[in-house]
Amino acid sequence: MLAVVTGGSRGIGLAIVRELINNGYKCIVASRKSTEALDELVSLGKAEFIECDISSKESREKLASHLDETGKVDMLVNCAGVAPKVRRDMLEITEEEFDYVLDINQKGTFFVSQAVANIMKKTNSGRIVFISSLSSYTASPERAQYCVSKASISMYTKLFAARMAEYGVSVFEVSPGIIETDMTACVKEKYDNLIADGLTPINRIGQPEDVAKAVGSISTGSLDFCTGTVIQADGGFSVRRL
């Protein structure tokens, strides 16, 4: 079985790659650059690295051409994403800062998914996973463009689930909560304090492996009838409490 993971060279993406390998998949990792940890998996023949910037049309087309040659993609995990380079009040965000996030998280993800969906359409099979975020429904005015981009990902799940069902393709959204990664490192102390004060029912910060296990459950095929489902890998953040 073959899986494609965008942004799979580190953090949540790398944890997903490892989980899928454990579940019997070979992974094609599409990322802007590789890492030592990914290189090790490649050297073992368990993964293949393809340099790909999903914000670039030319780069996406090269990826699509390579995948076309494989003839079949069993699973796509859209994990590539960036946070704003600087957290800034939404009344001060520049157009360049907005485009940087949206070109990758929103536009790039859509067209990678479109390309892979057309491959899956030919084989009448496959699974697509979108990695969103609690930011898809939680307003952070100092990260407005990131919130907007992740809200788009939630709608992509519904759109692709509706469109691809007739071709036997199931589509899922995995929504991470506060996860300990490079992206959250700059505000980890803040999040640690919030969690200690009861922000989430499960009283710890999430790990990339927590998200990867959710994707792993999808990869087995056990959830195929649940197309369009959102799996909250967030320690209970989304639970409303009185």
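## Helix packing and salt bridges

Asp68 counts as partly exposed because its relative accessibility is 42% (buried means under 20% relative accessible area, exposed over 50%, and partly exposed in between, with a 1.4 Å probe and protein chains only). The model is predicted, so local features need pLDDT of at least 70 and side-chain atom pairs count only at pLDDT 80 or more, while totals for chains, interfaces and linings use all residues. Residues are numbered from 1 along each chain as its sequence is written, and side-chain values use heavy atoms, with hydrogens and water left out.

**Packing of H3 and H4**

- Helix H3 (residues 57–70) and helix H4 (residues 95–123) have axes that come within 10 Å and cross at roughly 20 degrees, where axes are lines fitted to C-alpha atoms, for helices over the stretch in contact, and angles run from 0 to 180 degrees between N-to-C directions.
- That angle makes H3 roughly parallel to H4, a term for angles under 35 degrees.
- On the H3 side, Arg60, Leu63, Ala64, Leu67 and Asp68 meet residues of H4 that include Phe111, Val112, Ile119 and Lys122, contact meaning heavy atoms within 4.5 Å.
- The residues of this contact of H3 with H4 divide into eight nonpolar, one polar and four charged, where Ala, Val, Leu, Ile, Met, Phe, Trp, Tyr, Cys and Pro count as nonpolar, Asp, Glu, Lys and Arg as charged, and the others, Gly among them, as polar.

- A search of the whole structure finds eleven salt bridges, each being a side-chain nitrogen of Lys or Arg within 4 Å of a carboxyl oxygen of Asp or Glu.
- One of them joins the side chains of Asp68 and Lys122 at 3.8 Å, N to O, and this pair links distant parts of the chain, with Asp68 in helix H3 and Lys122 in helix H4, 54 residues apart.
- Lys122 counts as exposed, at 63% relative accessibility.

**Salt bridges elsewhere**

- Glu142 forms a salt bridge with Arg87, with the closest N and O atoms 3.7 Å apart.
- Glu142 lies in the loop between strand S5 (126–131) and helix H5 (144–164), and Arg87 in the loop between strand S4 (75–78) and H4, so the pair ties together parts that are 55 residues apart in sequence.
- Glu142 is partly exposed at a relative accessible area of 27%, and Arg87 is partly exposed at 30% relative accessibility.
- The side chains of Glu180 and Lys188 meet in a salt bridge at 4.0 Å, N to O, and salt bridges that share partners join Glu180, Lys188 and Asp192 into one network.

Terms used: Helix = DSSP H or I, 4+ residues; strand = E, 2+ residues; numbered from the N terminus. Parallel < 35°, antiparallel > 145°, perpendicular 65-115°, else oblique.
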